[in-house]
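Morning, everyone. Let me put the structure up, and then I'll walk you through it.

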Amino acid sequence: MPPPKDVVKIAIQMVGAIPQLIELQQTKPLALVLKDVCDAWSLPNAERYALQYVDGRQTYITESVRHPQSLPGPASVALTGSPFPFSLQNRGEIKNGSILRLTTSPDQEAERLYSGIQSNNLDVKTDSLKKLASLSQDVTFAQEFINRNGLKQIFYIVEEGKHTGEMLAHTLKAFMELMEHDFVSWETLSAAFIKKIVSYVNMNMVDASVQQLSLSILENMVPTSRLLFELVKKEVTLDRLFTHLQVTNAQLQLKAMALLIALLLAATDAEQREMMDYLRKKNIRQFIHKNIIHSSEPLGDEMAHYLYVLQSVSLNLCERRMRTSMDPYSQEQRELLQSLRQTAFESESEASASNFSTERRRSLCAKEFRKLGFVNNSNPAEDLRRAPPGILALDNMVYFSRHTPNAYSRFVLENSSREDKHECPFARSSIQLTLILCEILHVGEPCSETAQAFYPMFFGQDHFFEELFCICIQLVNKTWKEMRATQEDFDKVLQVVREQITRTLSLKPTSLELFKTRVNALNYSEILKLRQTERLHQEETLAVPVLELRERLKPELLELIQQQRLLHLCEGTLFRKISSRRRQDKLWYCRLSPNHKVLHYGDVEEGVHSPPIESLPEKIPVVDMKMLLVGKECPHTKEKSSGKQNKDVLELAFSIVYDMEEYCLNFVAPTRYEFCLWTDGLNVLLGKEMTSERTQTDLDVLLSMELKLRLLDLENISIPDTPPPIPKPPSNLNFCYDFSHAEQ
């Protein structure tokens with residue numbers, strides 16, 4: 001007879017004692033369980049003890065999960081995206097075979113450490129601070145320590161300024177862990193404390209670990225209030241952050257970049273523009289391109305994310321111009337528009353314009369604006385009223401005319417000499433191309449909290465968007481000539497240009513020069529070849545016999561995809577914990593056991609890429625998994641505030657419901673690719689179909705390869721839709737050879 005569900009068999013250890021093997025009744029009050037355990041070891045005062053996990057985070061066992069709303073203190077924002085239920089490993093999660101430790105209760109430990117960090121003995125004080133930094137990860141202990149005004153004592157240690165090195169590092173680490181639980185608002189920090197943290201960042205002769213923790217503390221402060229943002233921005237200059245970026249210590253470099261990104265994200269549009277202008281003067285893009293992207297050390301996921309955000313923030317500075325229609329009454333904008341005409345035609349018109357009447361000059365201007373490719377040549381400002389791309393298109397045209405005047409004049413004059421129907425309209429093409437580039441580069445879209453995809457060539461120069469436009473507008477003219485296009489083919493040409501740009505960008509060129517070389521090599525004939533190859537492949541696969549063969553091959557290939565998904569789960573993936581306040585630098589790892597029976601997971605440190613399965617303490621048996629939730633159905637996405645900035649989290653979030661549908665293991669995948677592989681693999685474990693878009697893509701690729709191999713002998717032979725008729729059997733079989741009379 002199976003044991004009841006509310007009874008688990010566990011081991012309990014204590015230093016210097018023989019472990020106890022007990023059957024824990026989950027319905028029995030925890031106080032009575034502790035009394036029984038203490039009685040077995042003849043320990044008085046059972047209320048002074050608590051149970052704690054031996055492995056992993058060594059969390060205290062509590063009676064039930066407590067939420068931050070029920071805890072004292074002004075702050076109450078729950079952590080989301082974590083693999084662990086809000087804060088505790090509560091007793092309901094204890095599984096058969098768990099190993100626990102009998103230890104001092106959280107309140108007793110908090111009292112002991114609170115006294116220890118005030119000790120005059122430096123060794124005792126250092127050990128207490130080290131233990132405090134470790135235990136503060138546990139929410140139960142953290143609450144007990146904070147209730148004793150423990151944070152006040154930490155503030156005093158920092159503000160006093162007597163301690164440095166290891167002791168100070170433990171103090172700052174403990175402070176970070178305690179603040180992570182959101183029991184206390186960052187806005188309650190004293191000016192003296194903040195000033196001291198800032199001084200550790202600004203001083204040169206400070207331990208690297210102290211500077212890293214100080215940068216992390218400031219990074220946490222910045223998003224919480226406008227006042228703290230302004231304080232940090234004033235005290236920690238961009239010059240100082242740039243100095244930290246130039247060090248060889250990768251972790252210090254990473255923390256400096258994290259604070260820089262936090263400042264940029266918390267700034268207003270005007271402040272962002274001001275900060276980016278200053279960084280441009282410091283040549284930060286070229287420094288990043290040379291010393292971070294192309295450094296000897298591999299680029300980590302966290303730094304890749306920060307570079308993506310820096311790229312996104314920089315490109316989004318174009319949004320205001322992109323969404324602003326041209327104002328026909330703006331003198332500045334009218335002068336920019338006239339400068340386009342004058343740059344292209346001044347030699348042939350300006351000299352004689354003074355001899356013409358006003359009406360004749362107006363007619364001449366209209367003619368020249370028509371040659372420039374404006375649809376409304378009598379009032380070209382009307383062409384720029386559409387937003388997007390708004391006056392960003394005008395900015396690009398002016399930049400092209402001023403920085404590459406020869407290419408600009410050649411474009412305009414070359415098309416002016418063509419027949420009317422064959423001329424490539426510069427202005428109309430520029431407006432549409434600007435819109436295409438904004439869409440491809442996601443200008444105006446909020447930064448993703450998890451994305452890591454950036455273009456290395458973006459950091460190669462300061463005016464990336466404008467320089468990219470200069471290359472692509474010449475590509476439009478080149479493609480127009482290759483297609484022998486007319487005005488009716490305008491949309492087709494721009495569609496080809498979009499394809500040329502996207503195909504080239506997907507190759508991740510490292511510089512604009514390389515992009516220019518590759519995009520020009522991908523001419524119209526190459527695009528036609530690619531399209532024809534894809535079309536022929538599609539036609540081949542639509543033949544009835546081929547479709548039948550596809551259906552026969554599908555089960556075998558789907559099984560192959562399932563094996564690949566499970567193999568990926570066995571290798572495991574590094575996930576990040578996402579906070580409602582900020583992107584966190586805490587990591588956790590999850591992987592499937594080789595026998596596909598248990599999911600192992602647990603916290604890991606930065607830089608650990610593939611931890612052994614034995615180092616992951618938490619486990620979920622596959623048989624206990626009940627269902628898979630994705631997107632808005634996940635509990636950790638419901639906790640997050642709704643908004644465009646969380647759209648990417650919704651697209652990457654999934655949860656495993658397990659153990660009688662009482663608990664959830666929450667994930668936010670680092671990429672869409674990982675999301676597809678994990679959701680597919682979990683569906684396989686649950687005995688369900690793989691539903692991600694990646695499954696269909698992989699299946700199509702495998703089917704295509706398999707079909708090509710099977711049909712290799714039939715190349716250039718048309719396959720009929722119906723099989724040829726089978727001939728009638730012969731009237732007799734006398735033509736058969738009799739082997740029994742074979743010659744000896």
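The protein has 29 helices and 11 strands. Both are DSSP runs, numbered from the N terminus: H or I of at least four residues for helices, E of at least two for strands. A word on sources: this is a predicted model, where local features need pLDDT of at least 70, side-chain atom pairs count only at pLDDT 80 or more, and totals for chains, interfaces and linings use all residues. Residues are numbered from 1 along each chain as its sequence is written, and side-chain values use heavy atoms, with hydrogens and water left out.

Overall numbers next. Of the 744 residues, 49% count as buried, meaning under 20% relative accessible area; exposed is over 50%, and partly exposed is in between (1.4 Å probe, protein chains only). The protein exposes about 37,500 Å², and carbon and sulfur atoms supply 52% of that. Those areas come from the Shrake-Rupley method with a 1.4 Å probe; for residues, only the protein chains shown count as cover. Now contacts, that is, heavy atoms within 4.5 Å. Take those with a separation of 6 or more: residues 24 or more positions apart account for 69% of them.

On to a sheet. Four strands form an open sheet, in the order S2-S1-S4-S3, with mixed pairing. Pairing requires at least two DSSP bridges between two strands. At the edges sit S2 (20-25) and S3 (49-53), each pairing on one side only. S3 and S4 (residues 99-104) run antiparallel over five bridges. There, Tyr-53 stands opposite Leu-100 in S4.

Now the rings. How many aromatic pairs does a search of the whole structure find? The count is 26. Rings of Phe, Tyr and Trp (its six-membered ring) pair if their centres lie within 6.5 Å; planes under 30 degrees apart are stacked, over 60 edge-to-face, the rest tilted. Phe-175 and Trp-186 have centres 5.7 Å apart and planes at 90 degrees, so they are edge-to-face. Phe-175 lies in H6 (residues 165-179) and Trp-186 in the loop between H6 and H7 (191-202), so the pair ties together parts 11 residues apart in sequence. Phe-175 is buried, at 0% relative accessibility. Trp-186 is buried too, at 4%. The rings of Phe-369 and Phe-374 have centres 5.6 Å apart and planes at 85 degrees, so that pair is also edge-to-face. Both residues are buried.

Last, ring pairs link a cluster: Phe-575, Trp-588, Tyr-601, Phe-654, Phe-667, Phe-675 and Trp-678. That's the tour.
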